Amino acid sequence: MISYQEAHAVVLGGSGFIGRWVARKLRESGACVSLVTRKAASLDGQAGVVEIDLTDSQAVAAFYSRARPCITFNLAGYGVDPAERDEAVAWRINAEIPRTLCECVARSSNPSWGGMQIVHAGSVAEYGSAGGDLREDGPAQPLTAYGKSKLEGSRIIADCAASTGLRAVTARLFS
């Protein structure tokens, strides 16, 4: 069993509902946590808060070269909030960031860590009109820009893991 004791964990989307809970559980397990968010003020008073514009791949790469985390939880997303309707931003956050993460983790991963390196949050929206027994490896027919961009991010994570040997998993979250 993998121990998070003193492991460095990065949580992208650290100010979100799931991100806050993941960070809490990681800290309870003894991990050193960096909460990456676009609005650091939303996490005032918490240790390890890092404000990064995830659409800036150079800023993300610079952070990873310094941080060299054991594991990254990619819980960042754009398009669930009804006010988030810019399709270009959805593609940058939901599809391009997973590619950047894979590249950064492949270059700067902690060689002593034997656990999962990337845990990526997909979405039920990736399934779209698919029905029946829904599985991560089952058919996906997204209907929205959000669903399509999240599906592309999940595919990128899977392809990256297969081509680089990174230990990565996607979990499609339901509400």
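Which residues of helix 1 are buried?

1. Basis. This is a predicted model, in which local features need pLDDT of at least 70 and side-chain atom pairs count only at pLDDT 80 or more, while totals for chains, interfaces and linings use all residues. Residues are numbered from 1 along each chain as its sequence is written, and side-chain values use heavy atoms, with hydrogens and water left out.

2. Helix 1, buried face. The buried residues of helix 1 are Gly19, Val22, Ala23 and Leu26. Viewed down the axis of helix 1, these buried residues fall within an arc of 100°, so they line one face of the helix. The arc is taken from the directions from the helix axis to the C-beta atoms. Buried means under 20% relative accessible area, exposed over 50%, and partly exposed in between (1.4 Å probe, protein chains only). Helices (H or I, at least four residues) and strands (E, at least two) are DSSP runs, numbered from the N terminus. An α-helix has 3.6 residues a turn, so residues three or four places apart point the same way.

3. Helix 1, length and end. Helix 1 has 12 residues (17–28), which at 1.5 Å a residue should span 16 Å; its end C-alpha atoms lie 17 Å apart, which agrees. The expected span is 1.5 Å times one less than the number of residues. Just after helix 1, Gly30 has a positive phi of about 90°.

4. Lys150. This residue is in helix 4 (residues 145–164). Lys150 is buried yet has no salt bridge, and the nearest side chain of opposite charge, Glu126, is 5.8 Å away. A salt bridge is a side-chain nitrogen of Lys or Arg within 4 Å of a carboxyl oxygen of Asp or Glu. Not counting residues up to four places away in sequence, Lys150 touches Ala76, Asn94, His120, Ala121, Gly122, Ser123 and Glu126.

5. Lys148. Helix 4 also holds Lys148, which is partly exposed at 43% relative accessibility. Leaving aside neighbours within four places in sequence, Lys148 is in contact with Trp91, Pro142 and Leu143.

6. Cysteines. The count of disulfides (pairs of cysteine sulfur atoms within 2.5 Å) comes to 0. Cys70 is in no disulfide; the nearest cysteine sulfur, that of Cys32, is 9.4 Å away. Cys70 is buried, with a relative accessible area of 9%, and Cys160 counts as buried at 10%.

How values were computed. Lys and Arg count as positive and Asp and Glu as negative; His and the chain ends are not counted. Contact means heavy atoms within 4.5 Å.
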